[in-house]
Amino acid sequence: NAANGGYMLVVNSALLLGVANNQTISGLCEETFYEFSAWFRNVCKRCGSDSTGAGASGTSIPAGYIPTAPGDSSGVKPNLTFQINGVDYYTSGNIDYANTWGQWVKKGFVFKTGAGQTSLTISIKNNAPGGGGNDWAMDDIAFATCLPALEMWPTNTPTYCLNNQAD
């Protein structure tokens with residue numbers, strides 16, 4: 001919400017494939033399910049050209065420019081892979097501008113930490129080669145525990161990880 005301030009990540013992806021963002025997270029519970037999710041937006045309706053050279057990055061829109069599917073010629077679509085410690089866990093697929101009407105879409109996945117694992121690095125990797133388009137924004141990042149069948153009763157010493165107290 002612009003009235004309340006805040007931050008988002010806006011990426012003008014490189015021509016080459018590679019990691020766009022890394023974040024190390026610590027203080028995790030071992031052998032616990034977590035969800036990573038965020039809201040994404042293709043911010044580029046008319047900022048690239050397709051393989052035939054049709055594009056509309058200026059103020060005029062050339063004949064044959066098609067910014068909606070099928071035959072979309074609006075440029076390279078963002079396509080992201082989410083990694084944990086360098087291992088691919090989830091791929092977003094193409095994030096179309098037209099299919100989302102320039103709106104935000106939620107992408108995410110659930111994973112489980114291993115025995116003894118209390119930290120990890122989440123990376124977001126660019127899968128879409130090229131620079132004609134492929135501009136995206138990320139906001140409202142969530143990293144949450146998923147504790148199936150959790151029952152927590154009032155007590156003076158509740159625990160959130162095995163043998164760890166929660167206040």
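In the predicted model, strand β1 is joined by four bridges to strand β8 (residues 135-146), and the two strands run antiparallel. Within this pairing, L9 has M138 of β8 as its bridge partner. Strand β8 also pairs with β3 in the antiparallel sense, over nine bridges. In that pairing, F33 stands opposite C146 of β8. On β3, a further antiparallel pairing is made with β6, over eight bridges, and here W39 stands opposite K106 of β6.

Taken together, these pairings give an open sheet of four strands in the order β1-β8-β3-β6, with antiparallel pairing. From one strand to the next, the twist averages 30°.

The sheet belongs to a protein chain that contains one helix and 10 strands. Along the sequence, these elements follow the pattern β-β-β-β-β-α-β-β-β-β-β. The chain has 167 residues, of which 34% count as buried. Among the contacts with a separation of 6 or more, 74% are accounted for by residues 24 or more positions apart. The accessible surface of the chain comes to about 10000 Å², and carbon and sulfur atoms contribute 52% of that surface.

The loop between β7 and β8 contains N134. With a relative accessibility of 0%, N134 counts as buried, because the category applies to residues under 20% relative accessible area. When neighbours within four places in sequence are left aside, the contacts of N134 include V11, N12, S13 and A14. Contacts of N134 are also found with V76, K77, P78 and N79, as well as with N126 and A128.

One salt bridge is present in the structure. This salt bridge is formed by D88 and K125, whose closest N and O atoms are 3.5 Å apart. Since D88 lies in strand β5 (residues 87-94) and K125 lies in strand β7 (residues 119-126), the pair ties together parts that are 37 residues apart in sequence. Both residues fall into the intermediate class of accessibility: D88 counts as partly exposed at 45% relative accessibility, and K125 is partly exposed with a relative accessible area of 21%.

A nonpolar patch on the surface is formed by M8, V10 and V43, which together have about 270 Å² of accessible area. Of these residues, V43 is placed in the loop between β3 (33-42) and β4 (79-84). The relative accessibility of V43 is 40%, so this residue counts as partly exposed.

Conventions:
Residues are numbered from 1 along each chain as its sequence is written. This is a predicted model: local features need pLDDT of at least 70, side-chain atom pairs count only at pLDDT 80 or more; totals for chains, interfaces and linings use all residues. Side-chain values use heavy atoms; hydrogens and water are left out. Patches are made of residues with over 30% relative accessible area and no salt bridge: like charges are joined within 9 Å, nonpolar side chains (Val, Leu, Ile, Met, Phe, Trp, Tyr) within 5 Å. Accessible areas come from the Shrake-Rupley method with a 1.4 Å probe; for residues, only the protein chains shown count as cover. A salt bridge is a side-chain nitrogen of Lys or Arg within 4 Å of a carboxyl oxygen of Asp or Glu. Buried means under 20% relative accessible area, exposed over 50%, partly exposed in between (1.4 Å probe, protein chains only). Two strands pair if DSSP finds at least two bridges between them. Axes are lines fitted to C-alpha atoms, for helices over the stretch in contact, and angles run from 0 to 180 degrees between N-to-C directions. Contact means heavy atoms within 4.5 Å.
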